[in-house]
Amino acid sequence: APPLSVTAATVLYEEREPSGAPISPVPYDKRETYETSETGVGGGSAAAGLRGLVGAAVERLSLADEVAAAKFGTASPITDPEREWRLLDDVTERSAAIGLDPRTGVRFFQAQIEAGKTVQRRLHARWLADPASRPRERPDLATELRPRLDALTPRILRLLRQAEPVRRSSTGCRAHLAAARAEVEARTRLDALHRDALTVALTPVCEIPVA
Ligand SMILES: O=C(O)C(=O)C[C@]1(C(=O)O)C=C[C@@H](O)C=C1
């Protein structure tokens, strides 16, 4: 399979054209995602079942780069409590609708939000310290980025629900998660900042009790 692309922003500051200009991002609708047959439903391996979830968490973290760019140098703080409440309300409702314990959905999303804020804070610190590394464009939070974050929400919840058999395995969950993460990282360029954030994002996977 061809290597899966991380979204633009992650690649942006890791890989530069010789001119120093960032490599042009892959349009969002052209990016590969980790879903479909890799969800582990219908005979896929346990690690494959978690791979979709890990991939979706990586996608969400990559969007945090763009959110950081949207907020950098503006009056918008990294934490927006009202947006978080709305998102977690949406998560609660959608979880119930697909038979996932809403507490599970909420706890997982709290970790995704926290991980994303870690990315934003660390990028802002980097950009403050090193003006040459600053993003050249400021995407729009309301019209561009939040709709993309929202589009990921139902997919992430579905993957979390589908991963229940693996998550239920007290002995196997961690091993399968590590394997899934290794597979995703083998195909995805992540720097130390994003690897740390991914650890935060994935912490609940094997910790949330499955009913
Ligand atoms: O939407 C934003 O403003 C974001 O920064 C994204 C996000 C999220 O991960 O969904 C993270 C932090 C904010 O407190 C609210 C939401």
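By class, the shell around the ligand holds five nonpolar, two polar and five charged residues. This is a predicted model. Which residues are around the ligand? They are Val 67, Thr 79, Asp 80, Arg 83, Glu 84, Leu 87, Ile 113, Gly 116, Lys 117, Leu 141, Arg 146 and Leu 149.

Now step back to the whole chain. The protein chain has eight helices and zero strands. Read along the sequence, its pattern is α-α-α-α-α-α-α-α. The chain has 211 residues, and buried residues make up 36% of them. Take the contacts between residues at least 6 apart in sequence: 78% of these join residues at least 24 apart.

Next come the helix pairs. Two packed helices are described by the angle between their axes and the distance between the axes.

Start with helix 3 and helix 4. They pack at an angle of about 145 degrees, and their axes are 8 Å apart. Their crossing is right-handed. On the helix 3 side, the contact is made by Glu 84, Leu 87, Leu 88, Val 91, Thr 92, Ser 95 and Ala 96. Helix 4 brings Pro 102, Thr 104, Gly 105, Val 106, Phe 109 and Ile 113. By class, the residues of this contact divide into eight nonpolar, four polar and one charged.

Helix 3 passes helix 5 in a right-handed crossing. Helix 3 contributes Asp 90, Val 91, Arg 94 and Ser 95 to the contact, while helix 5 contributes Thr 153, Pro 154 and Leu 157. These residues divide into three nonpolar, two polar and two charged.

Helix 4 passes helix 8 in a right-handed crossing. From helix 4, the contact uses Ala 111, Gln 112, Glu 114, Ala 115, Thr 118, Val 119 and Arg 122. From helix 8, it uses Leu 193, His 194, Asp 196, Ala 197, Leu 198, Val 200 and Ala 201. By class, this contact has eight nonpolar, three polar and three charged residues.

Now look at single residues. Where does Arg 138 sit? Arg 138 is in the loop between helix 4 and helix 5. Arg 138 counts as partly exposed because it has 13 C-beta neighbours inside 10 Å. Leaving aside its neighbours within four places in sequence, Arg 138 is in contact with Ala 69 and Ala 70. Arg 138 and Val 67 are 71 residues apart in sequence, and their C-alpha atoms are 8.8 Å apart in space.

Is Val 54 buried or exposed? Val 54 counts as buried, because 26 C-beta neighbours lie inside 10 Å. Not counting residues up to four places away in sequence, Val 54 touches Ala 180, Arg 181, Val 184 and Leu 202. Val 54 and Glu 93 are 39 residues apart in sequence and 22 Å apart in space, C-alpha to C-alpha.

Ala 48 is also placed in helix 2. Ala 48 has 20 C-beta neighbours inside 10 Å, so Ala 48 counts as buried. The cut-off for buried is 20 or more. Ala 75 comes 27 residues away from Ala 48 along the chain, and the C-alpha atoms of the two are separated by 42 Å.

Terms used. Residues are numbered from 1 along each chain as its sequence is written. This is a predicted model: local features need pLDDT of at least 70, side-chain atom pairs count only at pLDDT 80 or more; totals for chains, interfaces and linings use all residues. A residue is near a molecule or strand if its C-beta atom, placed from the backbone, lies within 6 Å of it. Ala, Val, Leu, Ile, Met, Phe, Trp, Tyr, Cys and Pro count as nonpolar, Asp, Glu, Lys and Arg as charged, and the others, Gly among them, as polar. Helices (H or I, at least four residues) and strands (E, at least two) are DSSP runs, numbered from the N terminus. A residue is buried if 20 or more other C-beta atoms lie within 10 Å of its own, exposed if 12 or fewer, and partly exposed in between; C-beta atoms are placed from the backbone. Two residues are in contact if their C-beta atoms, placed from the backbone, lie within 7 Å. A crossing is left-handed if the near helix is turned anticlockwise from the far one by less than a right angle, and right-handed if clockwise. Axes are lines fitted to C-alpha atoms, for helices over the stretch in contact, and angles run from 0 to 180 degrees between N-to-C directions.
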